[in-house]
Amino acid sequence: PEMEFTETLGLDLEKAREDIRQRLEVLKESSVATASYDRLKLRQEAAEVEGLLGRAHKQLYIDAGPTPENPMPKLAHKALAHYEPAYRAAPIDNIWHGINYVALRNHLLRLTRKSSSERDEEADTVAREIIENTKFLESRGLISAWDYASRAEALLAINRFEEAEEALKLYVNHTEVDSFSLESTARQFRELWG
């Protein structure tokens, strides 16, 4: 599976990533308003590419079937290496990158921890940020269905189960939600949260 990814989608995404980097470099020196707008758009495209690369590596990790005996951290870390910088670059715009970062770190921890009380402080910190960022978006009427799903996962990550259930209800009843959304979210809960 790793080879198939690298030879097809991976090469296209890596090419797109490099193209965006080069275009950003060219625009870096310009102070013209249109260049600023172009930089903003290119940064959004860069985040999408990083997210897609993270998503592809996340699926390779899941499909490989990590277990406590063989947790496959290298595969997980490939996805994390794409999700984390994209999330950190724009935490409110890239919430989905952040929640995938949290979910993957928690999945890997469940496979490798030595005691049930062991926590991933970094994942917990990002989960709390996501909760606050979704509250901010909600207070301004800008929250999407996906943001509610991300909030539910973030709350689950820090063991706030009743609030996670409330966030899921808001997600399920949101006007944007369709069968694709529901299946996507259900898959995330099955594959990464068990």
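Close-up 1. His174 is buried, with a relative accessible area of 19%; buried means under 20%, exposed over 50% and partly exposed in between, using a 1.4 Å probe and protein chains only. His174 lies in the loop between H7 and H8, where helices (H or I, at least four residues) are DSSP runs numbered from the N terminus. A polar atom of the His174 side chain lies 3.1 Å from the backbone nitrogen of Glu176. Leaving aside neighbours within four places in sequence, His174 is in contact (heavy atoms within 4.5 Å) with Ile143, Ser144, Ala145 and Tyr148. This is a predicted model, in which local features need pLDDT of at least 70 and side-chain atom pairs count only at pLDDT 80 or more, while totals for chains, interfaces and linings use all residues. Residues are numbered from 1 along each chain as its sequence is written, and side-chain values use heavy atoms, with hydrogens and water left out.

**Close-up 2. Packing of H6 against H8.** The axes of H6 and H8, lines fitted to C-alpha atoms over the stretch in contact, come within 11 Å and cross at roughly 15 degrees. H6 and H8 are therefore roughly parallel to each other, the class for angles under 35 degrees. H6 passes H8 in a right-handed crossing, that is, with the near helix turned clockwise from the far one by less than a right angle. On the H6 side, Trp146, Ala149, Glu153, Leu156 and Ala157 take part; they meet Phe180, Ser181, Ser184, Thr185, Gln188, Phe189 and Trp193 in H8.

**Close-up 3. The largest nonpolar core.** This core has 39 residues, and those with the most contacts inside it are Tyr61, Val102, Leu104, Ile130 and Trp193. A nonpolar core is a set of buried Ala, Val, Leu, Ile, Met, Phe, Trp, Tyr and Cys residues joined through side-chain atoms within 4.5 Å. Helices H2 (33-64), H3 (73-89), H4 (95-112), H5 (121-139), H6 (145-157), H7 (161-172) and H8 (179-193) each supply at least two residues of the core. H4 gives the largest share, 8 residues. Not counting residues up to four places away in sequence, Leu104 touches Lys58, Tyr61, Ala76, Ala79, Leu80, Tyr83 and Leu192.

Close-up 4. Most residues other than glycine have a negative phi. Met72, in the loop between H2 and H3, has a positive phi of about 50 degrees and is buried, with a relative accessible area of 18%. Asn159, in the loop between H6 and H7, has a positive phi of about 65 degrees. Asn159 is partly exposed, with a relative accessible area of 44%.

Note on methods
A polar contact is a pair of N or O atoms within 3.5 Å; within protein, one must be able to donate a hydrogen and the other to accept it, and residues adjacent in sequence count only if both atoms are side-chain atoms. Axes are lines fitted to C-alpha atoms, for helices over the stretch in contact, and angles run from 0 to 180 degrees between N-to-C directions. Angles under 35 degrees count as roughly parallel, over 145 as roughly antiparallel, 65 to 115 as roughly perpendicular and the rest as oblique.
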